[in-house]
Amino acid sequence: MSGTHEVFNQAPPRAGLNEYLINPALTEAVKRYDAQWAVPQLTEVGALIGRADFQRDAELANTHPPVFDSHDRWGNRVDAVGFHPAYHRIIGAAIEHGAHTSCWSSPRAGAHVARAATFMLFAQVEPGHGCPVSMTHAVVPSLRFTPGLADQWLPRVFSRSYDPELRDPATKQSAIFGMAMTEKQGGSDVRANTTHAADAGDGSWRLTGHKWFCSAPQSDAFLVLAQAPGGLSCFLVPRVLPGGDRNVFRIQRLKDKLGNKSNASSEIELAGTTGWLVGEEGRGVRTIIEMVAQTRLDCVLGSAAGMRQSVAEAAFHVRHRSAFGALLIDQPAMTAVIADLQVEAEAATWTALRLASAYDSDDAEAVAFRRLATAVGKYWICKRGPHHAYEALECLGGNGYTEAFPLARRYREQPVMAVWEGSGNVIALDVLRAMSREPESVLAVDREITSALGVYPVFDEHVAATRKLVWQVSKDPSSAPATARRVVESLALALQATVLIREAPTAVADAFVAARLGPDRTFEYGTLAPGLDLAAIAARA
């Protein structure tokens, strides 16, 4: 007590909780999708990220963002990016626990689900490090197009050790990967790229050009798109060449971003930079799209993790804060808000792990389903993230708007998931492309949705309307882009409802169907219909 007042009616620090064990949607989905064997490790990770010192590291990694040094003190060009030690501790822990490549290095039933859950737990508390972790995970299927490069790099990619020093790859046990695709003039239209590659005649190529966005430029190696004589191609570009010489990799500056502060994103220039062809010449998009598919899934995972952080922080606050004579959580208006936030977070979590489970199989049905469903989920869940974060922030009142609490940082973070790996229109058009070129993906998603029919009439009506939209798009492709977003939204809601109807507690499914699909549907939080078991839903937050 100070000389002026006693501090009371403030929520205690939200620390010392096991973030896995207290997340019912995540624990239930892990069990449902064949990853129950991973519970001991997930429990360990949940305890780690719930610790006060880990949360403090997350704060430090963002309040002390990366720093770029173009030259050392003697004037030598080094293109170095420095990080606070807290960042290294966080990404080191994520790598140690397999958040990057455990599903590839130790394949088994549920491996992709276990890896997804691990990634989500780390991203819940510190999302910025998830960018290089995700790219290292996603590079694996692309590298396998060229067995010689895969043999050289995959053992390092699979390693559970973290070594941030840039040096001769032969002297390192581990490696972190990035990718560099977009340029100033093209953005998502990578076929407009002007970076070009010339065959060096010794098995390597020389790349010259620029990249407008290159995240995690401190990584050991990158997949880079460049124009070769045979067309746009994919190349592996290491920061350090075999033998120890630095490759030409000129970082121009680090981006000053809205959020995602702990993660370095840069502009780079390549000038006779050495690279090795990955996949076939002229098939660069086909090669790197395997990586993009994986990182799109991780955008869904990251958004769902952010939703979990948001609702968990909000619920914790209102359970410890009183106003007008009662705890906030016991007041009907606040109960409705927390329940609504939880329904959205559960829909995202269940959908994310259902998508991850589709990557645990390479049978035709799983491949077709994930082709369309990943894009649909990426579009919708990532778009819902910022609104969800704002509403959760508001539950904390003025505290939520300050940098002393994590939701201000989360609010700035969530939009990046919708921008990375294709913003809204790009993803919506990709959905149309999949529907047109890979009709089996539409059939696979429709079979998934069909499995939940017959429980809720309003869901059945939504599915009928969705099928009509899909049919209209197929019959009139020329006008399809104008309605692409509507089609994707309708598919996304049907997909989320399907997984909740089949797998989630009845109270959660009831609320989602009533709020998001019914005649009075709304996407504003706190407006769930009377008669729903809001207290039971809020208790899961």
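**Notes on the predicted model**

1. The accessible surface of the protein in this predicted model comes to about 21300 Å². Carbon and sulfur atoms account for 55% of that area.

2. As to secondary structure, the protein contains 18 helices and 11 strands. Its radius of gyration is 23 Å, close to the 24 Å given by the globule rule for 541 residues, so the protein is as compact as a globular protein of that length. The C-alpha trace spans about 75 × 70 × 40 Å along the principal axes.

3. Of the contacts between residues at least 6 apart in sequence, 73% join residues at least 24 apart.

4. On charge, the protein carries 53 positive and 58 negative charges.

5. The cysteines deserve a separate point. The structure has zero disulfides. Cysteine 103 is in no disulfide, and the cysteine sulfur nearest to its own, that of cysteine 299, is 16 Å away. A disulfide would need the two sulfur atoms within 2.5 Å. With a relative accessibility of 2%, cysteine 103 counts as buried.

6. Cysteine 299 is likewise in no disulfide. Its nearest cysteine sulfur belongs to cysteine 382, at 5.3 Å, and the cut-off for a disulfide is 2.5 Å. Is cysteine 299 buried or exposed? Its relative accessible area is 4%, so cysteine 299 is buried, the limit for that class being under 20%.

Conventions. Residues are numbered from 1 along each chain as its sequence is written. This is a predicted model: local features need pLDDT of at least 70, side-chain atom pairs count only at pLDDT 80 or more; totals for chains, interfaces and linings use all residues. Side-chain values use heavy atoms; hydrogens and water are left out. Helices (H or I, at least four residues) and strands (E, at least two) are DSSP runs, numbered from the N terminus. The radius of gyration is taken over C-alpha atoms; the globule rule is 2.2 Å times the number of residues to the power 0.38. Contact means heavy atoms within 4.5 Å. Accessible areas come from the Shrake-Rupley method with a 1.4 Å probe; for residues, only the protein chains shown count as cover. Lys and Arg count as positive and Asp and Glu as negative; His and the chain ends are not counted. The place of a charge is taken as NZ of Lys, CZ of Arg, CG of Asp or CD of Glu. Buried means under 20% relative accessible area, exposed over 50%, partly exposed in between (1.4 Å probe, protein chains only).
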